[in-house]
Amino acid sequence: MAPAALQLEVTNRCNLNCVMCIRRYWRAEPADMELSLFKKIAREGFSELSRLDLYGFGEPLTNPRFLDMVRVAREHLPKDSELMFSTNGALLSPSIADKVVGEKGATEVFFSIDAYDADTLREIRAGVDADVVFRNLLSLAKHPKHASGELRLGVEAVAMADNFRDLPQLIKAVGEWGVEKVMVTHVAPFSKEVFEKATYLTISQAAYELMKPFAEEGWEFVKNICYEAYGEHFLGFERRARKRHEEMWNEALKRGYWINLPLFLESLYKLPLFEEVEKAFSEAERVAHEYGVELELPSLFPDARSRSCPYVEKEAAFVRCDGMVSPCAEFAYAHPLWVNAHHKEVYEVFFGDLRTSSLEEVWDSPAYASFRELRKRFSQNIPWCGDCVYSSLDCWYVRNNLRDCMLNEPSCSECLYSVDLARCNI
């Protein structure tokens with residue numbers, strides 16, 4: 001067997017320095033995939049793919065052999081397979097774009113654009129010339145292949161506190177140019193600074209609604225619970241706070257959720273922002289409908305009972321630029337992560353090396369097959385730390401991704417992609 005889809009990182013280098021990018025925080029060496037390795041992978045692994053995505057954590061066009069890779073890919077992919085790549089747009093001039101989409105080139109191109117406002121875009125994507133990016137997008141929108149329907153154009157936007165209000169205007173602008181799709185994702189924070197800009201909670205919505213009535217009382221409610229727990233034996237007063245707390249927990253358990261009151265209280269300052277985000281998303285949907293744009297928005301809250309791995313669902317694998325095969329982009333590089341109000345270290349997870357093995361051999365290996373099988377029933381097999389009080393109180397299991405409290409190795413118990421807060425374009 002072989003995967004149905006492949007995300008192949010042709011480089012991890014980039015010409016920009018975006019504020020939320022993993023490259024600011026990892027210790028990886030910049031590298032391009034060699035054309036010889038690309039050809040080997042293509043010969044051995046492209047014949048059964050329905051989709052190939054030529055991008056990862058770098059800007060594909062910084063690889064000097066990218067155009068050759070597009071040509072090689074088309075030679076080995078089935079005729080009706082999708083060939084996509086994602087770009088920041090800065091290097092995709094009309095002449096380069098014509099070669100990339102060409103007669104037998106990419107069938108789908110996504111531009112990473114986080115705001116229509118040029119100043120906002122420059123603040124987020126350090127080093128970008130907003131005029132150049134929009135000019136390149138508009139030029140590609142006018143390309144004959146796009147006009148004929150052979151090429152699909154999309155825009156990816158990372159929603160943060162800095163830019164979510166701009167989403168409706170961005171959708172309107174690209175919709176007028178004929179862009180078919182806009183995909184929005186929340187930010188995956190690699191630092192506390194970026195975590196503060198996140199516009200979501202990692203608490204399940206059902207649990208959030210149960211805790212919301214206690215927002216005004218704040219930490220005083222917790223103090224009262226503790227005071228009553230340790231003082232009632234001597235004072236003998238009515239257990240009001242403890243009783244309310246028990247009722248909240250019992251209702252949560254009845255619905256199949258846990259209560260993470262510390263995380264909720266630590267996040268109170270964000271609650272007004274969530275209402276704004278909800279309004280902005282609603283307006284974005286209205287504008288998208290008006291301009292005929294397919295819009296994918298992330299969830300505003302996770303749901304511990306409804307989780308899935310996008311890579312497993314789409315039978316996809318991630319190949320790093322050096323040929324190492326990872327189950328997803330999240331596990332492709334070691335990096336820090338801020339989630340559930342705590343810091344953790346995410347370590348690399350690999351199931352094979354395409355320099356010495358074929359894609360089919362790696363995909364069918366017992367370890368990789370077991371990894372995927374376990375995650376086909378994600379909610380049943382993998383805990384969700386966002387609803388667990390210990391996750392934001394320095395639990396041993398959330399310090400890294402090596403193991404979760406149900407002894408799964410590696411741990412996916414805080415995966416933002418599994419709960420549709422962060423999104424993969426695969």
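User: Before we look at charges, what makes a group of residues a patch?

Analyst: Happy to start there. Patches are built from residues with over 30% relative accessible area and no salt bridge, with like charges joined within 9 Å and nonpolar side chains (Val, Leu, Ile, Met, Phe, Trp, Tyr) within 5 Å. A salt bridge here is a side-chain nitrogen of Lys or Arg within 4 Å of a carboxyl oxygen of Asp or Glu. In this predicted model, local features need pLDDT of at least 70, side-chain atom pairs count only at pLDDT 80 or more, and totals for chains, interfaces and linings use all residues. Residues are numbered from 1 along each chain as its sequence is written, and side-chain values use heavy atoms, leaving out hydrogens and water.

User: Which residues form the negative surface patch?

Analyst: They are E48, E360, E361 and D364. Asp and Glu count as negative.

User: Why is E48 called exposed?

Analyst: Exposed means over 50% relative accessible area, buried under 20%, and partly exposed in between (1.4 Å probe, protein chains only). E48 has 54%, so it is exposed. E48 sits in the loop between helix 1 (35-45) and strand 3 (51-53); helices (H or I, at least four residues) and strands (E, at least two) are DSSP runs numbered from the N terminus.

User: And what makes P336 buried?

Analyst: Its relative accessible area is 12%, so P336 counts as buried. P336 belongs to strand 12 (residues 335-339), and its C-alpha lies 9.9 Å from that of K192, 144 residues apart along the chain.

User: How much of the protein chain is buried?

Analyst: Buried residues account for 55% of its 426 residues.

Note on methods:
Accessible areas come from the Shrake-Rupley method with a 1.4 Å probe; for residues, only the protein chains shown count as cover. The place of a charge is taken as NZ of Lys, CZ of Arg, CG of Asp or CD of Glu.
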